[in-house]
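Below are my comments on the model you sent. They are set out as numbered points, each on one part of the fold.

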Amino acid sequence: MTVVLAGADSAPRFDSSTRLDAYVAAHEFDRPTLVIDVDRVETQYRALKAGLGRADIHYAVKANPARDVIARLVKLGSHFDAASRGEIEICLGEGATPDQISFGNTIKRRQDIEWARDSGITLFAADAEEELEKIAEIAPGSDVYIRLIVEASEADWPLTRKFGCDGDTAIRLMDYAKSIGLKPVGMSFHVGSQTRRAEMWAPALDALAKVWHAAKAAGHDLTLLNIGGGFPAFYGEAIQAPTDYAAAVIEMVRARFGDVPRIMAEPGRGMVAEAGVIVCEVLLVSRKSDRDVHRWVYLSIGRFSGLAETEGEAIRYQFATPRDADPMGPCIMAGPSCDSADVLYEKRPMPLPLTLKAGDRVLIRNTGAYTSTYSSVCFNGFPPLQVVCF
């Protein structure tokens with residue numbers, strides 16, 4: 001297995017951090033800003049595509065819907081997984097064709113299904129009878145794939161409970177979809193966000209392959225397998241190189257599912273996270289008492305302005321400051337809002353320079369995914385996270 005440390009792998013790889021740092025150093029930002037290197041997104045797309053082979057990449061738009069990112073991916077031939085009318089509109093607006101877009105949310109508004117149908121979208125996800133009924137009524141004859149629940153996830157963030165259904169239900173839903181005029185073409189699943197090593201897919205694939213083969217034995221002509229996302233980004237723990245990772249996943253899929261006519265993959269985080277850096281600043285450094293072991297470091301960005309994935313301290317972002325050569329010490333990190341839940345890291349304090357003070361610039365690395373889209377509109381009057389692409 002090839003592993004990487006600090007985001008660099010054994011294969012030649014585009015050095016995005018150097019370009020990002022140079023861009024950031026040359027510009028001033030008057031509020032927290034996410035800077036995206038679109039060339040790095042292209043590099044990551046090509047690396048994942050090299051490993052995935054004939055599998056279609058359906059970029060998970062929710063990870064980062066910046067129009068410059070979507071436009072570049074359209075030029076590269078990417079397909080797209082859209083969760084809403086808004087995301088479909090962005091993709092179509094940047095030149096994607098309807099056959100390149102799947103409506104992958106299993107929870108859709110009737111009006112949005114109608115709009116998608118009128119826009120030429122023909123591929124929809126579902127995991128419940130009522131959702132199938134909506135699609136059959138509004139977009140009869142559409143292709144549908146049934147999302148399976150994943151219970152054997154080894155991901156940092158399993159995505160069970162809210163989405164998917166069990167195997168028996170999936171087969172029953174396929175029968176039902178066919179009976180009401182839809183085309184049940186396949187299945188989908190998601191192993192969980194930030195599945196750091198390819199071998200972590202094995203338990204989920206073993207369980208899901210049984211459902212796939214049972215559905216085929218029941219008479220369903222399955223032509224589409226959507227393996228979802230889970231492709232990781234570097235947040236401090238070693239990960240495989242993207243091409244090696246993707247190739248290993250596809251090898252495991254083929255060994256269990258056979259020669260599937262069409263395979264879809266939905267990388268989001270793994271496509272854009274490492275292409276972005278957030279520029280912010282320190283607002284305050286304090287201690288609550290003379291006996292306090294840890295400093296409190298308050299940033300100009302917090303959980304409500306883009307760093308929602310610090311929930312449960314699941315994602316450990318990497319920080320850089322102009323004082324990193326100075327002695328380091330642990331600190332509790334928090335955001336600027338007047339909400340006591342706006343604390344980023346407390347259970348495991350983050351090491352930062354002891355000399356850090358208000359006004360110092362802070363770079364938060366590998367923040368290209370799930371930051372701008374999680375940023376609140378104007379909580380406490382703070383503006384949304386600004387996005388700059390270059």
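**Notes on the model**

1. Arg-196 sits in the loop that links strand S8 (183-188) and H8; helices (H or I, at least four residues) and strands (E, at least two) are DSSP runs numbered from the N terminus. This is a predicted model, in which local features need pLDDT of at least 70 and side-chain atom pairs count only at pLDDT 80 or more, while totals for chains, interfaces and linings use all residues. Residues are numbered from 1 along each chain as its sequence is written, and side-chain values use heavy atoms, with hydrogens and water left out.

2. Arg-196 is buried, with a relative accessible area of 13%. Buried means under 20% relative accessible area, exposed over 50%, and partly exposed in between (1.4 Å probe, protein chains only). Not counting residues up to four places away in sequence, Arg-196 touches Asp-156, Pro-232, Glu-237, Ala-238, Ile-239, Gln-240 and Tyr-245; contact means heavy atoms within 4.5 Å.

3. The loop between S8 and H8 also holds Gln-194. Gln-194 is not a glycine, yet its phi is positive, about 60 degrees. Its relative accessibility is 4%, so Gln-194 counts as buried. Asn-366, in the loop between S17 and strand S18 (386-389), is another residue other than glycine with a positive phi, here near 55 degrees. Asn-366 counts as buried at 13% relative accessibility.

4. The axes of H8 and helix H9 (residues 242-257) come within 9 Å and cross at roughly 35 degrees. Axes are lines fitted to C-alpha atoms, for helices over the stretch in contact, and angles run from 0 to 180 degrees between N-to-C directions. The crossing of H8 and H9 is right-handed, meaning that the near helix is turned clockwise from the far one by less than a right angle. Among the residues making the contact are Leu-205, Leu-208 and Trp-212 of H8, and Met-252, Val-253 and Phe-257 of H9.

5. Ile-227 and Leu-299 touch the most other members of the largest nonpolar core, which has 103 residues. Helix H8 (residues 202-217) gives the most to this core, with eight residues. A nonpolar core is a set of buried Ala, Val, Leu, Ile, Met, Phe, Trp, Tyr and Cys residues joined through side-chain atoms within 4.5 Å. Leaving aside neighbours within four places in sequence, the contacts of Leu-299 include Val-282, Leu-283, Phe-319, Met-333 and Ile-364. A second, separate core of 10 residues includes Val-24, Phe-29, Ala-320 and Val-388.

6. Strand S3 (residues 56-60) is largely enclosed by the rest of the structure, because four of its five residues are buried. S3 runs parallel to strand S11 (residues 262-265), joined by two bridges, and parallel to strand S4 (residues 79-82), joined by three. Two strands pair if DSSP finds at least two bridges between them. Asp-56 stands opposite Met-264 in S11, and Ala-60 has Asp-81 in S4 as its bridge partner.

7. Strand S12 (residues 276-286) runs antiparallel to strand S2 (residues 33-36), with four bridges, and antiparallel to strand S17 (residues 361-365), with five. Val-277 of S12 is the bridge partner of Val-35, and the partner of Val-277 in S17 is Arg-365. S12 also pairs with strand S13 (residues 295-299) in the antiparallel sense over four bridges; Ser-286 has Trp-296 in S13 as its bridge partner.
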